[in-house]
Amino acid sequence: MEILLENLNLVIFLLLFIIGYTFGSLAEKRHYRSIIQREAELLKLAVVTAEGSFPAGQVKESALVSGSAVISIDYFKRILATLRNIFGGRVKSYESLVDRARREAILRMKEQAHKQGAKMVINMRLETATIGRNANQKKQIGSIEAIAYGTAIVMNK
Amino acid sequence: MIMTNVNTVPGKKIVEHFGIVQGSTVRAKHVGRDFMAGLKNLVGGELKGYTELLQDSRQEAMKRMEDQARQMGANAVVNIRFATSSVAQGAAELFAYGTAVRVE
């Protein structure tokens, strides 16, 4: 017991490390499952980055649609990334974070377009913001903030 | 007001250009949200408070841009772009700009 108290800092660190790992990977797995499922549902709604041109009389309506998501990193991954900073190379833990944020933002945009009855979204663009500031700094909230926007096209039947 | 981020309003013809319109907003998160985000940061996952903040600021920026376009007598804004910058720590600027036009 005394040893535990003497190394309280280390104990807290390890505890956070384990909590971060368990809940972080659980949350990530759940998120990926939901992303894949919703992506499959919305597969019919095409999203392209190109600017399409349409013959006159084919388009009924067009509107800007957008979606955003802020995903934060967990304690475990943050430590991993800090370690990775020493040796350099791929920071896998951040890659999955960015991937999740972007895909979630695109999905939310698609959901909005789907609600409006759109058949496709053209000229999709992605943008990132920084509210939580740099993900790798101490006392900063490590988060990725993605915005996706595009023009939803409702076709004439 | 029709908003698109392509060069034209698909299916409609542009009859008049008014030039650039813009709207921006700088938002900071409040301490409570910051604290919650800090806790959430341990386990990872979505920061709902920040997502909301981002959504609100995007809508606000677009609304300001729309107001400006309306003042000019436009009924559509084309080629909208979003940009972000970090003016101060903990605050985010969201910036929307586009070309105000009148369509048939």
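Begin by selecting Arg108(A) and Glu46(B): the two residues form a salt bridge, with their closest N and O atoms 2.9 Å apart. The model is a predicted one. Across the interface of chain B and chain A, the rule finds one salt bridge.

Counting pairs with both residues at pLDDT 80 or more, 12 residue pairs are in polar contact between chain B and chain A. Colour chain B by secondary structure to see what lies on the side that touches chain A. Strand S1 (2-3), helix H1 (31-43), strand S3 (44-46), helix H2 (48-72), strand S4 (76-85) and strand S5 (91-103) of chain B each supply at least two residues to that side.

Now display the whole interface. Here 45 residues of chain A are in contact with 39 residues of chain B. The size of an interface is often given as the accessible area lost when the parts come together. Between chain B and chain A the buried area is about 3,300 Å², and carbon and sulfur atoms give 56% of it. On the chain B side, select Asn5(B), Asn41(B) and Leu42(B), which lose the most area to chain A and together account for 18% of what that side buries.

Move to strand S2 of chain A, residues 59-74, and show S3(B) with it. These strands run antiparallel and are joined by two bridges.

Four of its strands form an open sheet in the order S1-S4-S5-S2, with mixed pairing. S1 and strand S2 (14-28) of chain B stand at the edges with a single partner strand each, so one side of each is left without a neighbour in the sheet. Select S2(B) together with S5(B): 13 bridges join these antiparallel strands. Within this pairing, Glu16(B) stands opposite Arg102(B) of S5(B).

For the last stop, return to chain A and select His31(A), found in helix H2 (residues 8-41). His31(A) counts as buried because its relative accessibility is 13%, below the 20% cut-off. Show the surrounding side chains as well: leaving out residues up to four places away in sequence, His31(A) touches Ile71(A), Arg100(A) and Glu104(A). With Glu104(A), the side chain of His31(A) makes a side-chain to side-chain polar contact at 2.6 Å.

Key
Residues numbered from 1 in each chain as written. Chains lettered and ligands numbered in written order. Predicted model: local features only at pLDDT ≥ 70, side-chain atom pairs only at ≥ 80, totals over all residues. Heavy atoms only, no water. Buried < 20%, exposed > 50% of the residue type's maximum accessible area, 1.4 Å probe, protein only. Polar contact = N/O pair within 3.5 Å; in protein donor to acceptor, adjacent residues only side chain to side chain. Contact = heavy atoms within 4.5 Å. Buried area = accessible area lost by both parts, 1.4 Å probe. Salt bridge = Lys/Arg side-chain N within 4 Å of Asp/Glu carboxyl O. Pairing = 2+ DSSP bridges.
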